[in-house]
Amino acid sequence: ATEQWFISVDRELPGVGKSLRDLALEQIKNVKWIPAWGQKRIEGMLESRPDWCISRQRSWGLPIPAFVNSDGKTLMTRESVLAVAGHIAKNGSDSWFTDSPRRILGEDFELPAGFVFDDLKREENIFDVWFESGCSWHSVAKQAGWPLPVDLYLEGSDQHRGWFQLSLLPALGSMGKAPFKSVLTHGFTIDEKGMKQSKSLGNYVNAQEEIAKYGSDILRLWVASVNVQGDVRCSDELIGRSQDAYRKIRNTLRFLFGNIDDFDPNEKRIAYDDMFEIDKWAMQQLQKLIAGVTEAYESFVFHKVFSLIYNFCTVEMSSIYMDVLKDRLYCESSDSLARRSAQTAMQRILDCLVRMLAPVLVHTAEEAWAAMKFKSQTVESVHLADMPKVDGSVDWQSNEQKWQKIMGLRDEVLKVLEALRQEQKIGSNQEAYVTVYCEDEELAGILDKFGLDQFAALCIVSEVKLEKRAVRTSVTAEKSGYQKCQRCWNYWPSVGTDSEHPDLCVRCIKVISGTSCN
Ligand SMILES: [Zn+2]
């Protein structure tokens, strides 16, 4: 049998009082395993693993720095290893195979008793490559002066036996602590039918081709959108579908950009307490998003980052907020509180959204950052900016219940309006006049405080009337009896009251004549 080199896992480590196996089983509890089952997996493998055979009989590789004399005694001391390391650093690892022990160790090297240079042979075995990759934390981090343990090791789910474990053991043996704070494992990409991807079958996706076809942001968005804790189906078609999500996110950014061009937050920003209720809602939704995205990024759950941001753009922004804002943004006077309040929220949303998107849509976010006239941080690249933090002065949690009620009622109104539209009684929602019959006293109170005109704006209808103390809560709507303002398209009582501008509402008359006071 060939003589081999082993790292013993059960012998007591000098000065530690326990074996490498026991130390490993103890230390893995201090590591964060993502997903959590990784801990059980590596634990089971550590419990049953044999001693680690680190020698290989190959002609190419890194030599084990030991010498043997003719009695079969091995020379490998701290001093000898350092002398070998010094020689190899100067002359390269091949010098082990060409230079004599005397040259390698140096003429002045003090050999321990029982050894003489003329009776020394170099060890011919090389290291198991896992021993080398298992020491990468040393060459990558320790030699560069970076703090250890490093934040994260990440690899496929086959590495609890391989790299993770074989990095842990050398680090424990030499430093007494794990080389990593957390370890993330992901699944593998498989083809559309769930088959393993292979070169011979040709059922794999070439990332370069996908980037050439869709751009790298689309490929990254696809990667961020899938749950990588398990295996991931991957094909050109699946990646291509991310284009739709990308466009929706990009359109949200475009809308925000398009409406804050004349807004200098340093001069025109509206304090949170003075903002319109709907703008406060948008600010609250933003904080909720920041809280969720931060947690998801910190736990490496990127598909949650994606779904949170995607839903924010498509639901809160696109189907609610951006629609609601149009009247204020396009019809109120440019410097009005109504418009500045909306712009304050929009500018803040853009600034935060771009930074949250930066790790995924790296180029789009950079392009957006460069285009922003005003930024929260003066850094030249979005990738140097800090992630947004939840603004403690925006009380999003305590307002959730109130908004649930208001948004629930809005859904009811929209349903009634949709039915009216089906019957062709109205074209746009603005044509409608809505009556809310309210049995729920709490809801009535919320609506009173919120303001019926604000609720009308939230539903994009011309007018809302509230009937309290109804038998049950319900909503009715009919076509407004008022005339349509030709500028803002609202059906308001004031349309036609001014003989000079018979087809405009009073709000619009004030705006165009420059007498709008707010
Ligand atoms: Zn008008």
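**Figure 1. Domains of the predicted chain.** The chain is divided into four parts: domain 1 (6-184), domain 2 (189-194 + 204-239), domain 3 (247-384) and domain 4 (400-481); these bounds come from an automatic or database domain assignment. Taken over C-alpha atoms, the centres of domain 1 and domain 3 are separated by 51 Å. The model is predicted, so local features need pLDDT of at least 70 and side-chain atom pairs count only at pLDDT 80 or more, whereas totals for chains, interfaces and linings use all residues. Residues are numbered from 1 along each chain as its sequence is written, and side-chain values use heavy atoms, with hydrogens and water left out.

**Figure 2. Overall form of the chain.** The chain contains 21 helices and 15 strands; helices (H or I, at least four residues) and strands (E, at least two) are DSSP runs, numbered from the N terminus. Its radius of gyration is 34 Å, well over the 24 Å that the globule rule gives for 518 residues, so the chain is more spread out than a compact globule. The radius is taken over C-alpha atoms, and the globule rule is 2.2 Å times the number of residues to the power 0.38. Along the principal axes, the C-alpha atoms fill a box of roughly 115 × 50 × 45 Å. Of the 518 residues, 46% count as buried; buried means under 20% relative accessible area, exposed over 50%, and partly exposed in between (1.4 Å probe, protein chains only). Among contacts (heavy atoms within 4.5 Å) between residues at least 6 apart in sequence, 69% join residues at least 24 apart.

**Figure 3. The largest nonpolar core and a separate one.** A nonpolar core is a set of buried Ala, Val, Leu, Ile, Met, Phe, Trp, Tyr and Cys residues joined through side-chain atoms within 4.5 Å. The largest such core has 90 residues, of which Tyr321, Leu353 and Phe455 touch the most other members. Helix 15 (residues 302-331) gives the largest share of this core, 13 residues. Apart from this core lies another, of 32 residues, among them Ala24, Trp33, Leu46 and Phe180. Leaving aside neighbours within four places in sequence, Tyr321 is in contact with residues including Ile278, Trp281, Ala342 and Ile349.

Figure 4. Arg355 belongs to helix 16 (residues 337-357). Is this residue, at 5% relative accessibility, buried or exposed? Arg355 counts as buried, because its relative accessibility is 5%. Its side chain reaches the backbone oxygen of Asp386 at 3.0 Å, where a polar contact is a pair of N or O atoms within 3.5 Å; within protein, one must be able to donate a hydrogen and the other to accept it, and residues adjacent in sequence count only if both atoms are side-chain atoms. Not counting residues up to four places away in sequence, Arg355 also touches Trp369, Val382, Met387 and Pro388, among others.

**Figure 5. Leu25 in helix 1.** Leu25 lies in helix 1 (residues 20-27) and is buried, with a relative accessible area of 16%. Residues up to four places away in sequence aside, Leu25 touches Glu43, Leu46 and Glu47. Leu25 and Val81 are 56 residues apart in sequence and, from C-alpha to C-alpha, 29 Å apart in space.

**Figure 6. The buried residues of helix 10.** In helix 10 (residues 216-225), the buried residues are Asp217, Ile218, Leu219, Leu221, Trp222 and Ala224. What covers these residues includes helix 9 (207-214), strand 12 (232-233), helix 11 (236-240), helix 12 (242-259), helix 15 and helix 17 (362-371).

**Figure 7. Two cis peptide bonds.** The peptide bond from Ile34 to Pro35 is cis, with omega near -5 degrees. Pro35 is placed in the loop between strand 2 (32-34) and helix 2 (37-48). A cis peptide bond also joins Leu148 and Pro149, with omega about 0 degrees. Pro149 lies in the loop between helix 7 (136-142) and strand 9 (150-156).

Figure 8. Ile460, a residue other than glycine, has a positive phi, near 55 degrees. Ile460 lies in the loop between helix 20 (452-459) and strand 14 (463-467) and is partly exposed, with a relative accessible area of 26%. Trp489 has a positive phi of about 65 degrees although it is not a glycine. The loop that holds Trp489 runs between strand 15 (474-479) and helix 21 (506-513), and at 49% relative accessibility Trp489 counts as partly exposed.
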